[in-house]
Amino acid sequence: MSRLSRYLLIQFTRDSLALYLVAAFLVWLTQMLRLFDLVTAKGQDMFTLAGQAFLTTPPLAREIIYICMGIGLARAFRTLQQSRELHTIHISRRVPAIWSALFIFSLGGALIALFISNWAEPASRKTAARWSAEIAADLLGRTLTPGRFTEFSQGLVLHIGGRKPDGTIINFFADDSRADDVRRTYMADNAVIISGEDGFQISLRDGRLQVWPDDDRYSEVMFARYDLAIASLTDPIELKNPLAQRDTATIVLRALEEQKFSPGVRRTLNKRMAEGVRVIGISLLVAAFAAFPHARRGREFLPPELLVLALAFAERAASNFAGTLGNWGYYLGPVSMLVVALLLLTWRLAPKRVVRAVKAAP
C-alpha cells in the first residue's frame with residue numbers, strides 16, 4: 001500500500017470511527033434510560049443496569065454501522081474536495097490509490113458488520129436472556145411470601161403455600177392475565193427452580209393449566225411436569241426467535257446434523273450475511289458520487305449526511321419488506337446499491353471517446 005493510500009484510508013476511517021463511537025455511546029445511553037425503571041424495579045444495582053444496556057447495544061450497533069461508514073466516507077471526500085486534494089490526485093493520475101484505500105475500508109467494515117451480526121449480536125442476546133433469567137430467579141426468591149398473594153408484575157399474581165427445607169415450593173399458583181387475548185392459570189402441588197440450557201425455569205410437578213381465551217373456550221390440561229421459564233414471568237409476552245441467540249456456526253452445525261436447513265434458518269443466515277454486502281454497497285455508491293472532483297462553488301442542495309441517511313433508510317425498508325416475501329429478499333437493497341454503484345463507476349471511469357460515442361448514438 002502506498003503512502004497516499006494509507007493517508008486516504010486514515011481519512012476514511014477517522015471520520016467513520018468517530019461518528020460510530022458517538023452513535024454507539026448514544027445508543028448505549030438510550031438503552032440505559034429505557035431499562036432504568038425496569039431494572040431498578042427488580043432491585044438491581046447500577047452495574048446490572050449498565051451491563052444490561054451494553055448487551056442490548058450490538059443489535060442497534062449493527063443497524064448503524066453502514067450508515068456511519070457511508071457518512072464518514074462522504075465527509076472525507078468532501079474534505080478532500082474542499083482542500084483540492086482530490087483534484088490533485090486525479091490530475092496526477094493517482095486514482096488507483098483511492099480505490100485501494102476504498103477496498104480496504106469497505107472490506108474491513110464488511111468484516112466488522114459480519115462479526116457483529118454472526119457472533120457478537122447472538123452472544124449478547126443469549127447473555128442478556130440468561131442474565132435476565134437470573135435476575136428474575138432472584139426476584140422470585142425474594143418476593144414470594146408463603147400464604148400471601150403477590151403481584152409479581154402487572155397482570156401476574158403468584159401464590160405459594162410454603163417451602164420445604166430443600167427449597168421445594170409447595171402449592172404453587174400463578175394467574176397470568178398480561179396477554180390481551182388469553183388468560184392462563186397454573187396450579188401445581190410442588191415446584192422447583194432449575195437451571196437449564198434455556199436459563200432458569202420453574203419446574204411444576206403434578207398440576208394443571210387452565211386457559212381462558214377471549215372467545216370463552218375454556219380448556220384445562222393436567223400434567224405431571226411442566227417447565228415454565230422464569231424470564232417469561234417478568235418480561236412482556238412476545239414471540240421470541242431462538243435462532244437469534246445462536247451464532248451462525250452453531251446454527252449451521254445443527255442444521256448439518258439434522259440434514260435440513262429450515263426456512264427459518266435460511267432466513268436468519270441470509271439476513272446476517274446481507275450486512276456485509278450492505279457495507280460494501282453503500283461504500284461504493286458514495287464513492288461513485290463523491291470520489292470525483294468538480295468545479296462547483298455554490299452550496300450543495302442537500303448535505304451528504306442527509307443523502308446517505310435517506311439512502312440507508314430507503315434501502316433498509318426495501319430489504320426488510322422483500323425479506324418477508326422470500327429468503328433472498330434481504331439482499332435486494334445491498335445488491336441494488338452495488339449494481340447502481342458499478343454502473344455509475346463504469347460510466348464515470350469510461351474513456352472520453354466511449355462517452356462521446358454513447359452520447360452521439362441515436
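**Exercise 1. Helices α3 and α9**

In this predicted model, describe how α3 passes α9: is the crossing right-handed or left-handed, and at what angle do the axes cross?

Solution. 
- Handedness: the crossing of α3 with α9 is right-handed.
- Geometry: helix α3 covers residues 57-82. Its axis and that of α9 come within 9 Å and cross at roughly 150°.
- Orientation: angles over 145 degrees count as roughly antiparallel, so α3 is roughly antiparallel to α9.
- Residues: α3 brings Arg62, Glu63, Tyr66, Ile67, Gly70, Ile71, Ala74, Arg75 and Arg78 to the contact. They meet Pro304, Glu305, Val308, Leu309, Ala312, Phe313, Glu315 and Arg316 of α9.
- Classes: nine of the residues in the contact of α3 with α9 are nonpolar, one is polar and seven are charged.

**Exercise 2. Helices α8 and α9**

State the angle and axis distance for α8 and α9, then say which residues make the contact.

Solution. 
- Geometry: helix α8 (residues 263-290) packs with helix α9 (residues 304-323) at about 155°, and the axes are 12 Å apart.
- Orientation: the cut-off for roughly antiparallel is an angle over 145 degrees, and α8 and α9 are therefore roughly antiparallel to each other.
- Handedness: α8 and α9 cross in a right-handed way.
- Residues: on α8 the contact is made by Arg267, Glu275, Arg278, Ile282, Leu285 and Val286. On α9 the partners are Val308, Leu311, Glu315, Arg316, Ser319 and Gly323.
- Classes: the contact of α8 with α9 has five nonpolar, two polar and five charged residues.

**Exercise 3. Leucine 19**

Find the helix that holds leucine 19 and the residues that leucine 19 touches beyond four places in sequence.

Solution. 
- Place: leucine 19 lies in helix α1, which covers residues 3-41.
- Accessibility: leucine 19 counts as partly exposed because its relative accessibility is 21%.
- Contacts: with residues up to four places away not counted, leucine 19 touches Cys68 and Ile71.
- Distance: the C-alpha atoms of leucine 19 and glycine 72 are 7.1 Å apart, although 53 residues separate the two in sequence.

**Exercise 4. Glutamine 210**

Is glutamine 210 buried or exposed, and which side chain does its own side chain join in a polar contact?

Solution. 
- Place: strand β6 (residues 199-213) contains glutamine 210.
- Accessibility: its relative accessibility is 15%, so glutamine 210 counts as buried.
- Polar contact: the side chains of glutamine 210 and tyrosine 218 are joined at 3.4 Å.
- Other contacts: apart from neighbours within four places in sequence, glutamine 210 is in contact with Arg183, Arg184, Thr185, Met187, Tyr218, Ser219 and Glu220.

**Exercise 5. Positive phi values**

Where are arginine 93 and aspartate 206, and what is the phi of arginine 93 and of aspartate 206?

Solution. 
- Arginine 93: this residue is in the loop between α4 (85-91) and α5 (95-143). Its phi is near 60°, positive in a residue other than glycine. Arginine 93 counts as exposed because its relative accessibility is 75%.
- Aspartate 206: this residue is in strand β6. Its phi is also positive, about 55°, although aspartate 206 is not a glycine. At 44% relative accessibility, aspartate 206 counts as partly exposed.

**Exercise 6. The chain as a whole**

How many helices and strands does the protein chain have, and what percentage of its residues count as buried?

Solution. 
- Elements: the protein chain has eleven helices and seven strands.
- Burial: 42% of its 362 residues count as buried.
- Contacts: of the contacts between residues at least 6 apart in sequence, 61% join residues at least 24 apart.

How values were computed
Residues are numbered from 1 along each chain as its sequence is written. This is a predicted model: local features need pLDDT of at least 70, side-chain atom pairs count only at pLDDT 80 or more; totals for chains, interfaces and linings use all residues. Side-chain values use heavy atoms; hydrogens and water are left out. Helices (H or I, at least four residues) and strands (E, at least two) are DSSP runs, numbered from the N terminus. Buried means under 20% relative accessible area, exposed over 50%, partly exposed in between (1.4 Å probe, protein chains only). A polar contact is a pair of N or O atoms within 3.5 Å; within protein, one must be able to donate a hydrogen and the other to accept it, and residues adjacent in sequence count only if both atoms are side-chain atoms. Contact means heavy atoms within 4.5 Å. Axes are lines fitted to C-alpha atoms, for helices over the stretch in contact, and angles run from 0 to 180 degrees between N-to-C directions. Angles under 35 degrees count as roughly parallel, over 145 as roughly antiparallel, 65 to 115 as roughly perpendicular and the rest as oblique. A crossing is left-handed if the near helix is turned anticlockwise from the far one by less than a right angle, and right-handed if clockwise. Ala, Val, Leu, Ile, Met, Phe, Trp, Tyr, Cys and Pro count as nonpolar, Asp, Glu, Lys and Arg as charged, and the others, Gly among them, as polar.
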